[in-house]
Amino acid sequence: MKETVIIILSLIIGILVGFFVDLPINFQDTPITTILLCGILFSVGLSIGSDKETLNSIRHLSPSLLMLPFCTVIGSLIGTLVITLFIPQLTLSTGLAIGSGLGYYSVSSLIIGDYFGPTLAAVGLFANVFRELLALTTMRFQAKIWGILPGISSGGANTSDVLLPAITSASSDEYAVPAIYNGVVTTIIVPFLVTFFCEIKI
């Protein structure tokens, strides 16, 4: 939650600085977003590769739980597709690019910004932050109504870190590994999925 607040404040401060200060550099013409994106993905790779205990636990998950992140992706894309049809300002490709962020707002908004500019990057950021906050505040309710696995899917890429305490609190510690696995796999998928929908024109 603290990280989310910091990211939103950084965006707001950046908007204000860009609006009121005449900067000598046009950041849209520099590779700064690509450099930042590579740095984020490198740190994610380091954290995944260094956590050998969790990687070993994932190997013992049942086949149905191994399908969880892919169900998360499919469900997210179907939901995004339906919502996009009711928003005439968005094309299918831009809507699906935003939705395929799966809650991983820092990376998805950088990629979307590279393709579509700062306005849609901000939309992507807030849409994916809202997904995280919604999952966080409704996790216990979801677990009671239809079980914890749909709740984990609703958290997308954030289930391996920010949402993990909420998931175990709403269920039990046995769902910690499936939640981490879901978060890790969707985190890996996000850059490829967002880039794919940014590239196609539908």
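Is Leu 102 buried or exposed? Leu 102 is buried, with a relative accessible area of 0%; here buried means under 20% relative accessible area, exposed means over 50%, and partly exposed lies in between (1.4 Å probe, protein chains only). Welcome to a short tour of this chain, which is a predicted model, where local features need pLDDT of at least 70, side-chain atom pairs count only at pLDDT 80 or more, and totals for chains, interfaces and linings use all residues. Residues are numbered from 1 along each chain as its sequence is written, and side-chain values use heavy atoms, with hydrogens and water left out.

**The chain as a whole**

- The secondary structure comes to 11 helices and zero strands, where helices (H or I, at least four residues) and strands (E, at least two) are DSSP runs numbered from the N terminus.
- The chain has 202 residues, and 41% of them count as buried.
- Take the contacts (heavy atoms within 4.5 Å) between residues at least 6 apart in sequence: 70% of these join residues at least 24 apart.

- Leu 102 sits in the loop between helix 6 and helix 7 (105–116).
- The phi angle of Leu 102 is near 50 degrees, which is a positive value in a residue other than glycine.
- Gly 155 belongs to helix 9 and counts as buried, at 0% relative accessibility.
- Leaving aside residues up to four places away in sequence, Gly 155 touches Leu 102, Arg 131, Ala 135 and Leu 163.
- Gly 155 and Gly 103 are 52 residues apart along the chain, while their C-alpha atoms are separated by 6.9 Å.

**The second largest pocket**

- Rolling a probe the size of a water molecule over the atoms shows where empty space is left.
- A 1 Å grid over the protein atoms alone is used to find a pocket, an open set of points where a 1.4 Å probe fits, with protein on both sides within 12 Å along at least five of seven lines; lining residues have an atom within 4 Å of a point.
- The second largest pocket holds about 610 Å³ of space, a volume being the space filled by probe spheres set on the grid points, which are joined across faces, edges and corners.
- Its lining has 28 residues, and the closest to the centre of the pocket are Thr 80, Ile 83, Gly 99, Ala 127 and Arg 131.
- Two or more lining residues come from each of helix 5 (68–84), helix 6 (92–99), helix 8 (118–146) and helix 9 (148–155).
- Helix 8 gives the most to this lining, with 11 residues.
- The lining of the second largest pocket divides into 13 nonpolar, 14 polar and one charged residue; Ala, Val, Leu, Ile, Met, Phe, Trp, Tyr, Cys and Pro count as nonpolar, Asp, Glu, Lys and Arg as charged, and the others, Gly among them, as polar.

**A residue of helix 8**

- Val 123 has its place in helix 8 and is partly exposed, with a relative accessible area of 37%.
- Val 123 and Ser 109 are 14 residues apart in sequence, and from C-alpha to C-alpha they are 8.1 Å apart in space.

**Aromatic pairs**

- A pair of aromatic rings is described by the distance of the centres and the angle of the planes.
- Rings of Phe, Tyr and Trp (its six-membered ring) pair if their centres lie within 6.5 Å, and planes under 30 degrees apart count as stacked, over 60 as edge-to-face and the rest as tilted.
- By this rule the count comes to two aromatic pairs.
- Tyr 115 and Phe 116 have ring centres 6.3 Å apart and planes at 45 degrees, so this pair is tilted.
- Tyr 115 is partly exposed at 35%, and Phe 116 is also partly exposed, at 25% relative accessibility.
- Phe 196 and Phe 197 have ring centres 5.1 Å apart and planes at 70 degrees, so this pair is edge-to-face.
- Phe 196 is partly exposed at 46% relative accessibility, whereas Phe 197 is buried at 8%.

**Cysteines**

- The structure holds zero disulfides, a disulfide being a pair of cysteine sulfur atoms within 2.5 Å.
- Cys 71 is partly exposed at 46% relative accessibility, whereas Cys 198 is buried at 0%.
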